[in-house]
Amino acid sequence: MTGEMTSLERVLTTLGHKEPDRVPLFLLVTMHGAKELGMGLQEYFSRGENVAEGQLRLRAKYGHDCLYGILYAALEVEAWGGEVIFRDDGPTNSGEPMIQDVEQIRSLEPPDVATSPVLARTLRAIEILKRDSRDVPIVGAVMSPFSLPVMQLGFEAYLDLVFERPDLFDRLMAVNEELCVAWANAQLAAGATAIGYFDPVSSTTVVTPQAYLETGFKVAQRTIARIKGPTATHFASGLCAGILDDLAQTGTAIVGVSGEEDLAALKRAVAGKLTLLGNLNGITMRRWSADQAEAEVKAAIAAGAPGGGFILADNHGEIPFQVPDDVLHAIAAATRRWGRYPLDWLDA
Amino acid sequence: MAADDRARSFERALLAMDRVGARDTLLVAAEGADTLAVAESVVAPALERIGDDWERGAVSLAQLYMAGRIAEQIVSEVLPQVRPADGERPLLAIAVLEDHHALGKRLVLSALRSSGHAVADYGHGVTVERLVQRCREDGPRVLLISTLMLPAALRVREVVDRLALPGPPPVVIVGGAPFRLDPELWREVGADAAGANSAEAIELVDRFMGGAR
């Protein structure tokens with residue numbers, strides 16, 4: 001293959017389990033755009049225009065293959081009126097759980113996507129990205145109905161609910177599924193190409209494969225079937241090797257995998273069925289030298305990229321704000337150098 | 001039945017979320033026995049193995065949490081003497097720094113209490129300022145800090161530096177995802193050790209406390 005593909009062509013080819021011109025790179029940077037604009041994070045996230053401009057500048061700087069329309073993981077909770085906490089050195093986080101008494105679940109109704117200010121800011125960012133970019137995948141995101149309750153109730157209360165209050169669990173899933181579907185489809189309508197379906201609670205780090213089949217799997221099947229575009233299920237550093245066959249039955253196209261799993265083994269397990277997204281360690285990335293970044297990129301490409309069906313990214317779905325620009329440049333340069341198909345250097 | 005068999009039986013009941021079975025096992029073990037010895041020979045090994053199995057991917061976080069919760073409840077019922085009051089300047093303290101996700105703290109707290117340790121729970125969403133203040137007031141010998149995200153993990157450095165003077169500072173043991181994903185991070189932030197799970201937390205506490213409860 002000789003011609004340079006567009007980012008969209010590159011990604012679509014790899015999703016078709018064929019080798020594009022080179023390995024696609026998703027730098028999933030939600031916060032670095034604030035530095036580009038010389039803003040604090042709270043100001044940056046206060047307008048969709050800021051986020052769109054930040055994303056466009058970051059892509060111009062690093063030349064990676066996506067634009068990331070997400071503001072922060074707690075935005076659904078914020079849409080619900082829950083507490084969110086801004087900080088100047090990291091992602092906006094959920095505060096005290098919005099549901100203090102599980103009986104509140106009986107009367108819970110999903111927020112209106114059309115009138116929520118934080119969701120409107122996100123949609124505005126996606127609309128601008130769609131307007132001002134060509135042939136670049138725009139990635140939106142939702143928190144899965146099964147994982148959102150960690151922020152809605154707190155992890156302990158949620159696990160108690162899953163195992164001890166099946167009636168309220170079913171009711172909460174029904175409400176969350178309505179929001180998730182409406183929110184995902186609104187992002188797609190605004191211009192998102194695909195939706196990241198963040199579902200860390202479904203990982204085998206959190207629940208057993210048997211429990212997953214009874215809970216997160218069923219929720220994902222119902223929800224993803226109603227999302228009108230491709231989805232990438234992401235376990236946000238959680239493990240998933242034990243549920244890959246079931247995951248493929250949820251209708252998702254991509255799986256975001258942990259740096260703690262064997263990428264080559266995952267690739268053998270999903271080849272031709274799911275595209276892998278991952279799995280550079282975003283925590284250690286902060287201290288990488290250029291040489292180490294190159295070595296990490298080469299190792300991931302060697303394990304995951306042969307035959308296509310692979311997008312290089314971090315392992316969590318969000319690169320920490322503390323990762324320096326030099327490291328991101330080194331990752332991008334190494335991907336351009338070692339990610340070009342055919343991967344002849346692997347045979348050398 | 002030997003203590004190890006009882007520990008295995010207790011472990012199986014915990015993993016199956018079988019409260020009745022777990023309670024019965026402990027009741028039988030406690031008949032005529034020294035209660036602290038029962039906690040050390042039955043409860044602690046069961047929880048340590050479950051923690052190790054979670055680390056190996058053989059047990060889920062949900063099972064680990066439910067096992068710890070059930071164990072803590074049953075120990076307080078069946079072996080009430082094991083569980084010292086937490087309120088009287090205990091030697092151990094635990095907090096979640098700058099985050100409201102408290103599951104990791106809960107897991108460690110359950111395991112420590114079930115093993116007979118008194119622990120001051122400083123809560124979650126705790127600021128550096130508040131944590132330093134509480135330590136200066138209480139003077140714990142060991143401080144366990146749980147974090148979820150990298151920025152909070154990096155703030156442990158500030159806690160350690162501010163506790164250094166006036167001394168003597170507590171031993172600081174850290175835990176949470178950033179420390180698991182970056183095995184060098186605990187040294188970088190000046191902690192004394194990192195625990196990957198509740199079992200390791202118990203081992204570390206026992207090491208630093210020298211058997212004190």
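This is a predicted model: local features need pLDDT of at least 70, side-chain atom pairs count only at pLDDT 80 or more; totals for chains, interfaces and linings use all residues.
At the level of domains, chain B is divided into domain 1 (3-82) and domain 2 (92-209). A distance of 24 Å separates the C-alpha centres of domain 1 and domain 2 of chain B. Contact between them involves 18 residues of domain 1 of chain B and 16 residues of domain 2 of chain B. The size of an interface is often expressed as the accessible area lost when the parts come together. Between domain 1 and domain 2 of chain B, the buried area is about 1,500 Å², and carbon and sulfur atoms give 61% of that area. On the side of domain 1 of chain B, the residues losing the most area to domain 2 are Glu48(B), Tyr65(B) and Glu72(B), which together account for 34% of what that side buries.

Polar interactions were also examined across this interface. Two salt bridges are found between domain 1 and domain 2 of chain B, and five residue pairs are in polar contact, both residues being at pLDDT 80 or more. Helix H3 (35-55) and helix H4 (61-78) of chain B each supply at least two residues of the domain 1 side that touches domain 2. The largest share of that side, nine residues, comes from H3(B). The side chain of Glu72(B) forms a salt bridge with that of Arg106(B), at 3.4 Å from N to O.

Chain A likewise contains an open sheet with parallel pairing, here of seven strands in the order E1-E4-E5-E6-E7-E8-E9. Strand E1 (67-68) and strand E9 (310-314) of chain A each have a single partner strand, so one side of each is left without a neighbour in the sheet. Within the sheet, strand E6 (residues 231-234) and strand E7 (residues 254-256) of chain A pair in the parallel sense over three bridges, with His234(A) opposite Gly256(A) in E7(A). Helix H14 (residues 290-304) of chain A packs on this sheet, where it touches strand E8 (275-280) and E9 of chain A. The direction of H14 makes about 145 degrees with that of E9(A).

Key. Residues are numbered from 1 along each chain as its sequence is written. Chains are lettered from A and ligands numbered from 1 in the order in which they are written. Side-chain values use heavy atoms; hydrogens and water are left out. Two strands pair if DSSP finds at least two bridges between them. Helices (H or I, at least four residues) and strands (E, at least two) are DSSP runs, numbered from the N terminus. Contact means heavy atoms within 4.5 Å. Axes are lines fitted to C-alpha atoms, for helices over the stretch in contact, and angles run from 0 to 180 degrees between N-to-C directions. Domain bounds come from an automatic or database domain assignment. Buried area is the accessible area (1.4 Å probe) that two parts lose on being put together, summed over both. A salt bridge is a side-chain nitrogen of Lys or Arg within 4 Å of a carboxyl oxygen of Asp or Glu. A polar contact is a pair of N or O atoms within 3.5 Å; within protein, one must be able to donate a hydrogen and the other to accept it, and residues adjacent in sequence count only if both atoms are side-chain atoms.
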